[in-house]
Amino acid sequence: MSADPVPLEETLVAEREQWPDGPPHELFKRLRGECPVHWSSKMSEYPEEAGFWSVTTADDVHAVSRDWQTYSSATGFTALTDAILPLELGQAMFIGMDPPKHDRLKALFQRGFTPKRIAEHEPAIREITRGVLDRLEGRETCDLVTDVAQPVVARVIGSFMGTAPEDDEIWARLMNTTLGAGDPDLNPEGVQTVMERDVPEIFARCSALIAERRENPTDDLMSVLVHADIDGEKLEEHEIVMGFFLLVAAGNDSTKATFCSGMRALLEDPEQRQLVLDDPSLIPGAVEEALRMFPAFAHFRRTATRDVELNGAQIREGDKVVMWYVSSNRDESRYEDPDHFDVRRNPEHQAFGAGGRHFCLGTALARLELQILLEETLARYPAMELNGRPEFAESPFINQLKTLPVRLRP
Ligand code: HEM
């Protein structure tokens with residue numbers, strides 16, 4: 001007989017034991033059904049911090065995401081804990097701001113993400129992907145995370161931003177230690193090294209690049225940012241540095257995570273994989289389904305600016321409110337058979353946020369990159385098989401595999 005489940009009022013959603021192997025989908029299902037806005041009274045890892053509300057259904061995530069006046073990104077940071085990145089640092093990135101400050105900065109950054117600039121980058125993304133896959137020739141096995149996804153996403157975001165290829169590994173390491181803080185493999189030296197060592201290194205490298213692009217403009221994103229001008233307004237140096245940090249972090253981590261989770265789903269479901277192999281026009285559908293089922297960021301957070309009721313819960317001013325995309329994207333009121341990976345579903349989803357001011361800036365780039373990665377990998381290795389157990393990063397924030405061992409041509 002199985003043990004009775006812990007009563008929901010005592011359940012702490014973000015505890016490590018809830019996430020032994022990726023997100024606790026069964027727990028989220030219970031929450032959606034029985035307690036859709038749920039209070040976790042504390043986080044054992046950060047005992048000095050208050051607990052948080054979990055928002056688990058698609059409608060409620062949508063409502064929180066749209067109402068920035070009530071659910072602020074600036075009064076607390078957008079991560080579950082305030083302990084890793086000091087608040088002032090978070091608030092210096094536009095993801096940690098509210099309008100009107102946020103909107104001004106985002107508009108300037110959007111200059112770098114026009115459909116034209118992204119479309120122009122397509123041949124480069126394909127060439128980068130093929131080049132990385134070429135390096136696997138002669139090998140029987142590999143790890144899709146470290147041998148394929150990581151080098152591709154690092155070079156794609158690097159070429160877009162304007163960093164040098166020889167620095168890709170350094171940037172990837174800095175982003176892994178910062179976003180993967182808490183995981184013993186991604187951040188082996190512990191959370192304190194993030195602020196003491198890694199963040200200062202990111203800033204120093206970024207400032208050097210800004211100085212260089214001021215002198216010698218090129219056509220990369222850094223040049224666009226350094227010289228961006230809206231009605232005479234330019235970006236300040238610290239705004240560029242913080243935005244750059246945000247973009248490199250988002251670009252390195254999320255696309256890698258989604259590609260690997262999507263590949264794993266296809267490797268585990270030969271029928272779905274065959275559908276895509278027989279009809280590659282289904283690949284964009286496979287990308288959307290991977291985004292839905294495996295959102296690269298499990299959550300983002302807001303902080304309540306006033307007392308408010310949300311779907312029966314009494315939220316108080318100052319409370320943390322966490323939007324769990326890993327839950328809302330499997331909301332049974334929106335999706336039939338939500339735990340089934342179906343490349344023909346073509347779902348709407350909240351992997352990039354649920355609309356609202358902070359909707360992801362990199363959607364077009366991420367979708368293009370994911371599509372090319374899937375196309376090229378499946379075309380080259382149509383019979384690829386899993387070769388051991390994939391492992392999740394230990395984190396309630398980055399929903400990503402840290403290893404995905406495969407046999408290339410069984
Ligand atoms: C599969 C890939 C990606 C996923 C799943 C993803 C997901 C997200 C999510 C959920 C948010 C919203 C956070 C919130 O509501 O607070 C966000 C924001 C953002 N993303 Fe992405 N992202 C991806 C790729 C990228 C890429 C490639 C870039 C840029 C190179 C990027 C840049 C950003 C930026 C700058 C923001 C902040 C927007 C704002 O605050 O207004 N993302 N992303």
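# A chat about sheets, helices and a ligand

Visitor: How many bridges join β3 to strand β5?

Guide: Strand β5 covers residues 299-304, and β3 and β5 run antiparallel. Keep in mind that we're looking at a predicted model. As for the bridges joining β3 to β5, the count is two.

Visitor: Which residue in β5 is the bridge partner of tyrosine 71?

Guide: Tyrosine 71 belongs to β3, which spans 71-72. Look across to β5, and its bridge partner there is alanine 304.

Visitor: Which strands stand at the edges of the sheet of five strands?

Guide: It's an open sheet with mixed pairing, and its order reads β1-β2-β8-β5-β3. Each edge strand has a single partner strand, so one side of it is left without a neighbour in the sheet. Those edge strands are β1 (37-40) and β3.

Visitor: What angle does the direction of helix α2 make with that of β8?

Guide: Helix α2 (residues 58-66) packs on this sheet, touching β1, β2, β3, β5 and β8. Set its direction against that of β8 (320-324), and you get about 130°.

Visitor: Now the sheet of three strands: which residue in β12 stands opposite cysteine 142?

Guide: This open sheet has the order β4-β12-β9, with antiparallel pairing. Three bridges join β4 to β12 (residues 405-407). Opposite cysteine 142 stands valine 406.

Visitor: Which helix packs on that sheet, touching β4 and β12?

Guide: Its direction makes about 65° with that of β4. The helix covers residues 144-161, and its name is α7.

Visitor: Where on helix α4 do the buried residues fall?

Guide: In α4 (residues 101-110), the buried residues are Leu105, Leu108 and Phe109. Seen down the helix axis, they fall within an arc of 100°, so what they line is one face of the helix.

Visitor: Which element gives the largest share of the shell around the ligand?

Guide: There are 27 residues around the ligand, and Ala250, Ser254, Gly353, Cys360 and Gly362 come nearest. The elements giving two or more residues to this shell are α11 and α15 (363-380). The largest share is seven residues, and it comes from α11.

Key. Residues numbered from 1 in each chain as written. Predicted model: local features only at pLDDT ≥ 70, side-chain atom pairs only at ≥ 80, totals over all residues. Buried ≥ 20, exposed ≤ 12 C-beta atoms within 10 Å, placed from the backbone. Helix = DSSP H or I, 4+ residues; strand = E, 2+ residues; numbered from the N terminus. Arc of directions from axis to C-beta. Near = placed C-beta within 6 Å. Pairing = 2+ DSSP bridges. Contact = placed C-beta atoms within 7 Å. Axes fitted to C-alpha atoms, helices over the stretch in contact; angles between N-to-C directions.
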